[in-house]
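The structure is shown first, and the points follow by topic.

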Amino acid sequence: MAESGASPLPPTPPAHSPLFRAERFIWLTARVLEQRLFAYHFLNGGPDPVETALDAYRNEDGGYGHALEPDLRGPLSQPLHAGHALRVLDAIGRCGGQRVERVCRYLTAVSTADGALPAVLPGQRGYPAAPFVPVVDDPPSELLATGPVVGLLHRNEVWHAWLFRATDYCWQAIEDLEKSHPYEIEAAVAFLDTVPDRSRAEATADRLGRLVRDQRLAALDPERLGTYPVAPGYAPREHHFPHDFARSPDSLARAWFTDEEMSRSLDFLTAEQEADGGWPIRWGQWAPAAALEARPVVTIEALQTLRAYGRFVG
């Protein structure tokens, strides 16, 4: 019997359904934050417990640390942690008000001279970090860090002075792309999907789609992965698929792929669910805790993508 005042429980999914198996995996392995997020997305949970869990990662400077992004360990605030926090706030409809004003002040303080974000600040040196996340003394601006943050703020109609130069930076960085890699393209899509100038975004996305296909950045046939290159510095199985670029049918990147290509991609994503109910991480595994904490994040993302494309109801 549900406790008085508790949210009504949703129908229990079939015992062998992807959602049921994923739920067991989440309760077994996930941090409190991902447990609360899973409950919010799939079990009629409320947003307040998610925000409470997220607050544990917030620092006095308005940024976030404490391995919120699992591949960066230690207490210090980092731009990649801030981006992760904004994704959580966006997911629960809380990406606004004083909480985001604090984040924007932090973003302003850590931006480079061109008004954009580096991926990792040099203070990370001395704390554990993934070997594929370089820590340098004078880090440059990165579309990888800036694009998703700017996109989320535009999506939520946030107004802040920091956005003006950061938006200009993203436009220029994307228009300058001649050779890229999947994570950078995903960051560009996160920006283009929500930036207010829709006609410019559509034209830019069309060019990016041709670049993705010309440079074979998306594995279009999961049964022939050996014929698709993996980007330099990526792990051997770190391929990216159409669903990684177009996480919902509304994304501009959806137009890059045929219905057949997207169907194969979603079939592959469905089949990737492992025996324990979670989805694997494809990037390099460098520490047990980082991998353990990342898999629930990836699992929730996979479920959201499958649901966005109507692969299950939950």
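**Salt bridges and helix packing**

Across the whole structure, a search finds 21 salt bridges. The model is a predicted one. Side chains of opposite charge can pair when their charged atoms come close.

**Individual salt bridges**

- Glu-51 pairs with Arg-94 in a salt bridge whose closest N and O atoms are 2.6 Å apart. This pair links distant parts of the chain, 43 residues apart: Glu-51 lies in helix α3 (residues 47-55) and Arg-94 in the loop between α4 (79-91) and α5 (97-110).
- Glu-51 counts as buried because its relative accessibility is 13%, under the 20% cut-off.
- Arg-282 and Glu-272 form a salt bridge, with the closest N and O atoms 3.3 Å apart. The two residues are 10 residues apart, and each is in the loop between α11 (259-271) and α12 (288-308). Both Arg-282 and Glu-272 are buried.
- A salt bridge also joins Arg-58 to Asp-55, where the closest N and O atoms are 3.5 Å apart. Arg-58 is partly exposed at 30% relative accessibility, and Asp-55 is partly exposed at 33%.

**Packing of α6 and α8**

- Helix α6 (residues 143-155) packs with helix α8 (residues 182-192) at an angle of about 25°, the axes being 7 Å apart. The two helices are therefore roughly parallel, and their crossing is left-handed.
- Residues in the contact include Leu-143, Leu-144 and Val-150 of α6, together with Tyr-183, Ala-187 and Phe-191 of α8.
- By class, this contact of α6 with α8 comprises nine nonpolar, two polar and one charged residues.

Key:
Residues are numbered from 1 along each chain as its sequence is written. This is a predicted model: local features need pLDDT of at least 70, side-chain atom pairs count only at pLDDT 80 or more; totals for chains, interfaces and linings use all residues. Side-chain values use heavy atoms; hydrogens and water are left out. Axes are lines fitted to C-alpha atoms, for helices over the stretch in contact, and angles run from 0 to 180 degrees between N-to-C directions. Helices (H or I, at least four residues) and strands (E, at least two) are DSSP runs, numbered from the N terminus. Angles under 35 degrees count as roughly parallel, over 145 as roughly antiparallel, 65 to 115 as roughly perpendicular and the rest as oblique. A crossing is left-handed if the near helix is turned anticlockwise from the far one by less than a right angle, and right-handed if clockwise. Contact means heavy atoms within 4.5 Å. Ala, Val, Leu, Ile, Met, Phe, Trp, Tyr, Cys and Pro count as nonpolar, Asp, Glu, Lys and Arg as charged, and the others, Gly among them, as polar. A salt bridge is a side-chain nitrogen of Lys or Arg within 4 Å of a carboxyl oxygen of Asp or Glu. Buried means under 20% relative accessible area, exposed over 50%, partly exposed in between (1.4 Å probe, protein chains only).
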